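Please open the structure in your viewer and keep the selection tool at hand. The tour below goes from stop to stop, saying what to select and what is there.

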Amino acid sequence: MKAIFFTDVHLVSKTNVNRVDNLPETQKLKLKELIDVCSEDVDIALSSGDMFDRHTPAITTMNTFTNFAECLNIPFILCPGNHDLHGYNYKTLETTGLGYTCKLLKTYKKIKLFKQNDEYMDYDNFRIHFKQTIDKEPMKEFIVDRTTNEFHLGLIHDMVYNIDFYNAVTTYDDFNTNLDVVFNGHIHNGHEPIYLDDTWFINTGSVTRMHKPKPVFIPRYAMCNLKGEKKHWVVENKEFKCAIEDTFNVIEKRNFNDFISNIESKNIQTNALDYMFKKAKISLTETSFNKLNELYDEVR
Ligand SMILES: [Mn+2]
């Protein structure tokens, strides 16, 4: 089976302040590229959520998504991300932009959005499993029943990643799973495919960059050729051809950095209380300034 995977598209209706291009149009180009790639020889499309940037997207944004899903001539299986949901509440999924559009699109029978209590769906000898995210707690394990189907794939949108930061992540070597592939999004930088203890870990990173990332990466999707012996499966990240690097508003960013470093240098030159008194002496009347001196006498 050949699967395409992409995640965190974050469809928006307006251009982000950090970008100089027309972001909704750039996002349409990326989706068009995915449609073109899928028309060749791909069996299914998988996505780990955050299709929309907010749970109440504009109608124009929902149109971008439904047009994409209609043009995609292969089954499309996805799960919701935190941006698709209202406060990680899977119960209200149908009232979100993603839940509503997928409910309508289901009449075409090509789309499957995992809901709270959905555990899996089958495709040939593959079973695609879903596990919901519990807010504020990274997922520790994803163990499935392997008595049916030959291969087992998992879709999640969670703090599971190859490296830890702020002790908020379950790293792949600590993640307890018997899946053949774990597809994840949420952490937008992504990484090259990793094969660890009989499991492939795929996170291509976000399709949309809201600001210039450090280090800079080109948005990617993964082409997964799941044929033959598992450890020799050809799983590759592919860069979007339409992603050009100079889409960011670099001047805006530099101004902001100047502003921050200015504050920092002021902090180094004097302590906050002395700074306040220096300013107060200029702007307050003598009586008020004396009163302030009196009040702060003990702490100075
Ligand atoms: Mn996201």
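Begin by selecting Met 62, Phe 65, Thr 66 and Ala 69 in helix H2, which meet Gly 97, Thr 101 and Leu 105 in helix H3; residues count as in contact if their C-beta atoms, placed from the backbone, lie within 7 Å. Helices here are DSSP runs of H or I with at least four residues and strands are runs of E with at least two, both numbered from the N terminus. Colour H2 (residues 59-71) and H3 (residues 97-105) as a pair, and you will see their axes come within 11 Å and cross at roughly 35°, the axes being lines fitted to C-alpha atoms over the stretch in contact, with angles running from 0 to 180 degrees between N-to-C directions.

What you are viewing is a predicted model, in which local features need pLDDT of at least 70 and side-chain atom pairs count only at pLDDT 80 or more, while totals for chains, interfaces and linings use all residues. Residues are numbered from 1 along each chain as its sequence is written.

Next, show the strands of the open sheet, where six of them follow the order S5-S6-S8-S12-S14-S13 with mixed pairing; two strands pair if DSSP finds at least two bridges between them. S5 and strand S13 (194-196) stand at the edges with a single partner strand each, so one side of each is left without a neighbour in the sheet. Within the sheet, select S8 (residues 151-156) and S12 (residues 181-184), which run parallel and are joined by four bridges, one of which pairs Gly 154 with Val 182 in S12.

Now select Ile 4, Phe 5, Leu 46, Leu 155 and Phe 183, the residues with the most contacts inside the largest nonpolar core, which has 54 residues. Such a core is a set of buried Ala, Val, Leu, Ile, Met, Phe, Trp, Tyr and Cys residues joined through C-beta atoms within 7 Å, and buried means that 20 or more other C-beta atoms lie within 10 Å of a residue's own, exposed that 12 or fewer do, and partly exposed anything in between. Centre on Leu 46, and, leaving aside its neighbours within four places in sequence, look for its contacts with Ala 3, Phe 5, Ile 77, Leu 78, Leu 155 and Phe 183.

For the last stop, find Asp 8 in the loop between strand S1 (2-6) and helix H1 (23-41). Is Asp 8 buried or exposed? Asp 8 is buried, because 25 other C-beta atoms lie within 10 Å.

Notes:
Two residues are in contact if their C-beta atoms, placed from the backbone, lie within 7 Å.
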